Amino acid sequence: MNRHRVRRFFARLGLYFSVLMLVSPAILFFLWMASLALKNESDNTAFPPVFIPNPPTLANFIDVFEKNDFLSYTINSIIVSFSATGLALLLGVPAGYGIAKAKATKAAVLILIARVTPGLSYLIPLFLLFQWLGMIGTLTPLVITHLVITVPIVVWIMIGYFEGLPAELEEAALVDGATIWQAFRHVALPLARPGITVATILAFIFSWNNFIFGVVLAGRTTRTLPVAVYNVLTFEQISWGPLAAAALVVTAPVLLLTLLMQKEIVAGLTAGGVKGG
Amino acid sequence: MNASTAEPSAAAMMTRGRNYARRYWVFAAPAAVVVAAVILFPWIFTLFMSVHDWKVSGDTPFVGLANYKKMLFDERFQWAAIRTFVFTAASVILPMILGVWAAVCFSSKFRFQGIARTIFVLPMMATPVAIALVWTMMFHPQLGVLNYLLSTVGIPPSAWVYDAHTVIPTLVMVETWQWTPLVMLIVLGGIASLPTDPYEAAILDGASPWQMFRHITLPLVFPFIVVAGVIRVIDALKAFDTIYVITLGGPGNASETINILLYQTAFAYYDLGYGSAMVVVFFVMILLVSMGLLVARRAEVKT
């Protein structure tokens, strides 16, 4: 009995130690990011490094917004990600329903191919197309290319959710004379709301994070936040405080969303292995 | 309800189901149009460009397979391919080992489990450009925090991404840090779906945790591990953001993977024809590798 208890104790200890080992790289990384963003320049370039900002300063954040016009890039990012996510929901939720109901597994393969294709391979032809259409320098090409990320995520997650719904309720509605559109709109759609939440969050995050489309297609005024942050690097190599502050500004919404919606995000990622770009 | 009345209605359901199935295509039509425009059209156009000598301005004469032939003798491309495979092999193996370990840990109940799991997932959700910038600052040879941490435990400083010998291992480290969570989540999903009775029987027989992991968990979640592995291979082959931001393929060409070379060819040298041919070859590589892994898995399941 006693030996058993000792063994259990060590198993627990091992577990806590393992978890600590696993999460500490993430914790230390994000703490250091915050530390860089909240310190003044002389502390940031001090050696040995200063770990705790004393006193913490918001000067870096003010600097980022004043010198680099981050406000307009933030607006760009919001427009692009919201439009791409909204359009993807309009297109992808019915598509997921249709594919699930028609049991069209072959259509799902197309979504998988979209998942496998490197983001760059869409860019060469689309870049030329947008150039011919004279759309470079507007936000439209960005919204359209972000659909490459958001539509497959939404369709993929929604197929899974609609397949999991019991068919009896819709069949009852159809027997009562509802059209398939009404059965979708009034029966299946309300039931699939949790799935729509998951799809929305993931599509939004992966659109927000996307860098590669913006770096090719965005002009000086149409940069999204990830592209804008990258440009801070190229122009201010040594000034670490504003750079870290800018990085934190870009990724803070995503980190907050992950912390608040962790259950939905974990469910969605587990189901699909989704990733953008 | 007895069998004789159930049967005809079931048959009627079948035929009705088939008719309905066709009608449900309407729902997928708008998405199909968009997918055709932004996914299918680029593909066809890429194939078309890959057999032309296509620069941004000037004529675009048909050159047949010349772009593909050029790749066969292009040493820069071949080195990029080798680097891509080395980078991919390492950035699959490490996250797989750590990810399975993490999944086993997070599948047992403990205090702060929820918040620990969320923190663990943060690296894969965070904006890649943002984390790549912070890593870049940490890699700074003189002022970076990593070399300071090494010095406190008596390890000589590393040049990290500023040396041709250490750049790939360093990028693998970043990739591992970023993508181990995805492996963990997929395998964790697998562990959650396992039946509990084999474990109960094993505990009664006095099996150790390691024996239970080795002989129950591992064989049962193996299909999930394979899925995670295939996804990891695809993502590692496609890795772009972090490499682009941290090294842009440097120093020299020491970390230039196919994806980076592709970007340079198309959008720095504006050789769109050659770039398109590279896209085609790169895509076929990714497809072959991922299909090969899935076929291998199917063979394994059968035997």
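Residues are numbered from 1 along each chain as its sequence is written, while chains are lettered from A and ligands numbered from 1 in the order in which they are written. Since the model is predicted, local features need pLDDT of at least 70 and side-chain atom pairs count only at pLDDT 80 or more, whereas totals for chains, interfaces and linings use all residues.

We begin with the domains, whose bounds come from an automatic or database domain assignment. Chain A is divided into domain 1, covering 24–57, and domain 2, covering 59–272, and the C-alpha centres of these two domains of chain A lie 32 Å apart. Between them, 10 residues of domain 1 of chain A are in contact with 9 residues of domain 2 of chain A, where two residues are in contact if their C-beta atoms, placed from the backbone, lie within 7 Å. On the side of domain 1 of chain A that touches domain 2 of chain A, α1 (2–38) and α2 (41–44) of chain A each supply at least two residues, and the largest share, 4 residues, comes from α1(A). Helices in this text are DSSP runs (H or I, at least four residues), numbered from the N terminus. The residues on that side of domain 1 of chain A divide into 4 nonpolar, 4 polar and 2 charged; here Ala, Val, Leu, Ile, Met, Phe, Trp, Tyr, Cys and Pro count as nonpolar, Asp, Glu, Lys and Arg as charged, and the others, Gly among them, as polar.

Chain B is likewise given a domain 1, at 3–50, and a domain 2, at 66–302, with C-alpha centres that lie 35 Å apart. The contact between these domains takes 4 residues from domain 1 of chain B and 7 residues from domain 2 of chain B, and the side belonging to domain 1 of chain B has 2 nonpolar, 2 polar and no charged residues.

Next comes the meeting of the two chains, in which 71 residues of chain B are in contact with 74 residues of chain A. Helix α2 (residues 25–50) of chain B gives the most to the side of chain B that touches chain A, with 15 residues, and the residues of that side divide into 58 nonpolar, 9 polar and 4 charged.

Two packed helices are described by the angle between their axes and the distance between the axes. Axes are lines fitted to C-alpha atoms, for helices over the stretch in contact, and angles run from 0 to 180 degrees between N-to-C directions. One pair joins the chains: α1(A) and helix α5 (residues 113–125) of chain B pack at an angle of about 55 degrees, with their axes 9 Å apart. The two helices α1(A) and α5(B) are therefore oblique to each other, given that angles under 35 degrees count as roughly parallel, over 145 as roughly antiparallel, 65 to 115 as roughly perpendicular and the rest as oblique. Residues including A:Val19, A:Leu22 and A:Phe30 in α1(A) meet residues of α5(B), among them B:Ile119 and B:Phe120, and by class this contact has 11 nonpolar, no polar and no charged residues.

Another pair lies within chain A, where helix α8 (residues 168–175) and helix α9 (residues 180–191) pack at an angle of about 140 degrees, with their axes 10 Å apart. That angle makes α8(A) oblique to α9(A). The residues of the contact of α8(A) with α9(A) divide into 6 nonpolar, 1 polar and 1 charged.

Finally, we turn to single residues and their backbones. Most residues other than glycine have a negative phi, and most peptide bonds are trans. The peptide bond from A:Asn54 to A:Pro55 is cis, with omega near -10 degrees, and A:Pro55 is found in the loop between α2 and α3 (59–68) of chain A. In chain B, phi of B:Trp160 is near 50 degrees, a positive value in a residue other than glycine, and B:Trp160 is found in the loop between α7 (145–152) and α8 (167–192) of chain B. Is B:Trp160 buried or exposed? B:Trp160 is buried, because 23 other C-beta atoms lie within 10 Å; a residue is buried if 20 or more other C-beta atoms lie within 10 Å of its own, exposed if 12 or fewer, and partly exposed in between, with C-beta atoms placed from the backbone. B:Leu248 also has a positive phi, of about 55 degrees, although it is not a glycine, but B:Leu248 counts as partly exposed because it has 15 C-beta neighbours inside 10 Å.
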